[in-house]
Amino acid sequence: MKKYDLIIIGAGPGGSMAAKTAAEKGLKTIFFERSRKPGEKNSSGCGLGPRMFRDFPEMMKELTPDKCPSMRAGTASRNYFVNNDDIVSGYIMARPTESVSYEPAKSWITMNVYRSEFDPWIAKFATDAGAELKTSTLIVDLLKEDGKICGVIDEKGEKYRAPIVIGADGVISTVAQKSGLRNKWAQNQVTLTLQYDFQAPSDKIDDIMGDETLAVWWGSNFPASYQVFFNDGFHQGLGNWMNWWDKNPLYYLNRVINLKYYQRLLKILDAKPRELQSHLLPWLDYPFNTHTDGVILIGDAGGFPCPLEAEGIYPAMVTGKIAAEVASEAVTSGDVSKATLKRFDEEWQNTSIGKEFEAGCELWNIWKALPFSPKETMSWFVPMIMEILGGIFDWSQPHALRVRQIISHIKSYMPKATPFIMTYVFPLIAKVFEDDLDKLMDPKKIMKVLPKLLDMLPQKKKKRGG
Amino acid sequence: MKIELEGLTNRVPGTGDFITIDYAKCNNCECCLIICVMNLWRKKEGKIYIVDDYQSKCLECAACFQVCAADAINFNYPIGGTGIVIEKG
């Protein structure tokens with residue numbers, strides 16, 4: 001039986017970061033990957049956020065197109081608004097704003113990479129630091145002695161011994177299951193996300209999309225659908241909670257693909273479908289059961305993706321690094337009990353990830369109510385937004401009359417918009433500003449005041465001098 | 001535009017049998033039939049089953065396992081080094 005100081009299951013960005021950190025601390029470390037090379041089983045989770053470049057600058061400065069040819073940084077994002085008849089009725093393009101405080105966030109919003117290139121690149125940092133990577137190896141169970149976890153067993157029955165096991169094995173985590181931390185998620189804690197990858201010539205993407213690298217398609221006939229551009233292709237995907245689907249998820253993704261506007265985009269981009277991928281993605285309001293005696297869960301296995309837009313790589317790297325640091329101290333001290341490993345929670349709660357989850361519940365709620373509730377919310381949200389954005393640029397009537405028409409029409413959305421704002425937006429504002437907005441959030445009061453406010457807007461212009 | 005799914009996945013054969021159903025637990029809720037992107041779960045004469053050639057079509061997302069409230073579906077990953085290969089994920 002081979003003996004190690006630390007065993008890590010999974011060689012994604014989280015597992016590799018944990019392996020690198022542990023090896024640098026002098027721990028005899030092994031990390032396992034079930035596929036032939038890291039990144040071969042991963043889909044989505046393809047966006048590198050600017051915080052990675054801020055927090056891991058020495059590593060990230062080495063990420064160059066010769067090592068990762070798919071990489072494409074994009075300054076701008078676009079939101080398409082699709083009306084109830086599946087027509088794109090408007091869009092907003094946005095770049096990083098003046099309040100963004102550091103580079104590279106000022107220059108781009110996301111750096112997109114294919115995981116088949118990125119994951120091997122990051123795993124090499126771990127092997128260079130001295131960690132042993134074992135690929136094509138499926139871990140099927142945890143090794144236990146006197147009820148205590150003391151290693152892992154692979155599919156061939158080979159045993160590997162270590163005082164601590166880090167579960168970096170993704171959303172359906174064998175480590176979580178075998179350690180008793182979690183058999184499966186609740187249906188509203190995980191989403192099914194599917195996507196097509198389209199091949200498109202790099203120069204076409206440059207010419208047509210410019211420096212836009214991310215788009216979200218909002219509509220009432222499908223959950224919000226993301227589009228992510230790489231050097232020579234793009235993803236189009238969407239997701240929703242497990243218990244949301246009423247028919248094959250592909251039906252909804254194909255609704256996006258079959259939009260006339262989208263078909264035109266495929267045509268001018270000279271895009272061809274290249275791959276179909278489906279995966280599960282944890283989407284929690286707060287991570288829980290992240291550790292027990294001799295076990296720590298990180299990244300997707302621990303439920304760490306961002307509760308708003310599900311950024312996964314950065315939280316995996318942050319939690320991977322912390323888990324290895326906590327494990328290193330625990331191994332050195334000889335105490336790997338749950339009580340000691342609790343420090344893992346205390347540490348990540350102090351990071352940017354912890355700050356994100358402070359408003360996790362409110363972010364989770366608003367995400368569930370907005371992009372994941374197309375029929376209930378987007379059916380009025382899109383026409384209302386477009387009434388505001390598009391209504392002004394219209395010369396069908398004198399402009400003052402148009403403004404009154406627009407206001408009057410927006411009023412008709414209030415019975416749906418007001419409860420939405422009360423239920424989802426105000427609690428988020430209250431959390432963000434750590435303020436007590438109880439008075440403002442009293443629904444009765446708002447419902448009483450709002451129509452009056454709208455009535456105060458002039459219905460008809462008084463005659464001059466009259 | 002109808003996207004043909006044929007040819008949109010790459011894989012290494014030899015996965016072994018990695019999905020099974022326990023009929024003692026299955027309550028015929030049909031959630032697996034809805035959630036499977038590749039439409040690999042079917043129902044015949046009141047009995048739910050996974051198609052014979054699922055090993056060469058499954059995307060390994062484990063949605064059927066996760067959605068099964070009755071815990072009737074067992075999902076173990078394919079043998080190491082086999083199964084789906086995602087090149088552009």
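Is the crossing of helix 1 of chain A and helix 4 of chain A left-handed or right-handed? These legends walk through a predicted model, one close-up at a time.

**Close-up 1. Helix 1 and helix 4 of chain A cross in a left-handed sense.** Two packed helices are described by the angle between their axes and the distance between the axes. Here, the axes of helix 1 (residues 13-24) and helix 4 of chain A come within 7 Å and cross at roughly 15 degrees. Angles under 35 degrees count as roughly parallel, so helix 1 of chain A and helix 4 of chain A are roughly parallel to each other.

**Close-up 2. Chain A meets chain B through 44 residues of chain A and 28 residues of chain B.** On the side of chain A that touches chain B, at least two residues each come from helix 4 (115-128), strand 14 (190-199), helix 7 (249-257) and strand 18 (272-282) of chain A. Strand 18 of chain A gives the largest share of that side, eight residues. Sorted by class, the side of chain A that touches chain B holds 17 nonpolar, 15 polar and 12 charged residues.

**Close-up 3. Domain 2 of chain A touches domain 3 of chain A.** The domain assignment places domain 2 of chain A at 72-111 + 184-286 and domain 3 of chain A at 363-456. The C-alpha centres of these two domains of chain A are 25 Å apart. Domain 2 of chain A brings 17 residues to the contact, and domain 3 of chain A brings 13 residues. On the domain 2 side, strand 6 (76-82), strand 7 (88-94) and strand 17 (233-241) of chain A each give two or more residues. That side of domain 2 of chain A has eight nonpolar, eight polar and one charged residues.

**Close-up 4. Chain B has two helices and six strands.** The C-alpha trace of chain B spans about 35 × 35 × 20 Å along its principal axes. Of the 89 residues of chain B, 37% count as buried. Among the contacts in chain B with a separation of 6 or more, 67% are between residues 24 or more positions apart.

Conventions:
Residues numbered from 1 in each chain as written. Chains lettered and ligands numbered in written order. Predicted model: local features only at pLDDT ≥ 70, side-chain atom pairs only at ≥ 80, totals over all residues. Helix = DSSP H or I, 4+ residues; strand = E, 2+ residues; numbered from the N terminus. Buried ≥ 20, exposed ≤ 12 C-beta atoms within 10 Å, placed from the backbone. Contact = placed C-beta atoms within 7 Å. Nonpolar A, V, L, I, M, F, W, Y, C, P; charged D, E, K, R; others polar. Domains from an automatic or database assignment. Axes fitted to C-alpha atoms, helices over the stretch in contact; angles between N-to-C directions. Parallel < 35°, antiparallel > 145°, perpendicular 65-115°, else oblique. Left-handed = near helix turned anticlockwise from the far one by under 90°.
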